[in-house]
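Hi everyone, thanks for coming along. Today I'd like to walk you through one protein model, step by step. Have a look at it while I talk.

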Amino acid sequence: MLYTRAGDKGTTKTFACDQRISKSSAVAEALGSLDEVNSFLGLCKVRSEALSYKLKAVSFPKIVHGIQQNLFIVQAELAGSPKKIEKKKVKEVEAFVDAAEKELPPIKTFFISGGTELASFFDVSRTLARRAERRVVAVSESFNMPLDKEGKQKIGPETLAYLNRLSSLLYALARLSNHFGGIKEQPPNYK
């Protein structure tokens, strides 16, 4: 069934919580922000399938799919599941960012979003990821989240690190998309 009517009064239920929480709560807001970035990454993945762009011999669609899988782990953790982002996933993102830096000309400024369509989509994803990160940090700082099975409320440090690195990876994918597309990016002129 695609609807349950259980949320008609503005509440929802999370994994490890017997009580319903408000859909306007910090937890629901963070979960929604993560869902937004994951959904938009689906568009990035579909748009990148027509291109042969790779990073570390991994296609962009495969990189994006891995990110999407990891965001589901973050959502599960935030909802009280014992699922956690492992340190190796943070290292994997760092390795992709490091590889991108070797492919790109040195970045010494900000760039105005645009260029190729795919770069623009990755830039939007980056901003959504930053918002999701802020929402998850707010929940982590407030301890206003469901308890996991061990009675812990805090989001794991690897999860926070992963979300922080994610925006760097999406920034790198945007820059690479323009670089591979032959686009010279424009810095702001501040005039």
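Residues are numbered from 1 along each chain as its sequence is written, and side-chain values use heavy atoms, with hydrogens and water left out.

So, how many helices and strands does the protein chain have? There are 5 helices and 4 strands, and from the N terminus on they run β-β-α-β-β-α-α-α-α.

Next comes confidence. pLDDT is the predictor's confidence in each residue, from 0 to 100. The chain has a mean of 87, with 82% of its residues at 70 or more. Strand E4 (residues 58-59) has the highest confidence, at 98, while strand E1 (residues 11-12) has the lowest, at a mean of 54. Where pLDDT is low, the predicted coordinates should not be read in detail.

Now let's go inside. I'll call a residue buried under 20% relative accessible area, exposed over 50%, and partly exposed in between (1.4 Å probe, protein chains only). Of the 191 residues in the chain, 41% are buried. A nonpolar core is a set of buried Ala, Val, Leu, Ile, Met, Phe, Trp, Tyr and Cys residues joined through side-chain atoms within 4.5 Å. The largest one here has 43 residues, and Leu55, Phe60, Ile67, Leu78 and Phe122 have the most contacts inside it. Helix H1 (26-48), helix H2 (60-78), H3, H4 and H5 are the elements that give two or more residues to this core. In soluble globular proteins, nonpolar side chains tend to be buried together.

Contact, by the way, means heavy atoms within 4.5 Å. Among contacts with a separation of 6 or more in the chain, 75% join residues 24 or more positions apart. Take Ile67: beyond its neighbours within four places in sequence, Ile67 touches Leu41, Tyr162, Leu166, Leu169 and Leu170.

Is Asn38 buried or exposed? Asn38 counts as buried because its relative accessibility is 5%. Asn38 sits in helix H1, and, leaving aside neighbours within four places, its contacts are Gln68, Leu71, Phe72 and Gln75. The other one, Asn70, lies in helix H2 and is buried, with a relative accessible area of 3%. Leaving out neighbours within four places in sequence, Asn70 is in contact with Ile85, Lys89 and Tyr162. Asn70 and Leu163 are 93 residues apart in sequence, yet their C-alpha atoms are 9.8 Å apart in space.

Let's move to the loop between strand E3 (54-55) and E4, where we find Lys56. Phi of Lys56 is near 55°, which is a positive value in a residue other than glycine. In the loop between E3 and E4 we also find Ala57, another residue that is not a glycine, with a positive phi of about 65°. Lys56 counts as partly exposed at 48% relative accessibility, whereas Ala57 is exposed at 70%.

Ser59 is partly exposed, since its relative accessible area is 25%. Apart from neighbours within four places in sequence, Ser59 is in contact with Tyr53 and Lys54.

Finally, the pockets. On a 1 Å grid over the protein atoms alone, a pocket is an open set of points where a 1.4 Å probe fits, with protein on both sides within 12 Å along at least five of seven lines; lining residues have an atom within 4 Å of a point. The largest pocket is lined by 14 residues, and Val97, Glu101, Ile107, Ser168 and Tyr171 lie nearest its centre. Which helices each supply at least two residues of that lining? They are helix H3 (87-103), helix H4 (117-142) and helix H5 (157-180), with H5 giving the largest share, 5 residues.

The second largest pocket has a lining that includes Leu104, Phe111, Arg175 and Lys184.

Methods
This is a predicted model: local features need pLDDT of at least 70, side-chain atom pairs count only at pLDDT 80 or more; totals for chains, interfaces and linings use all residues.
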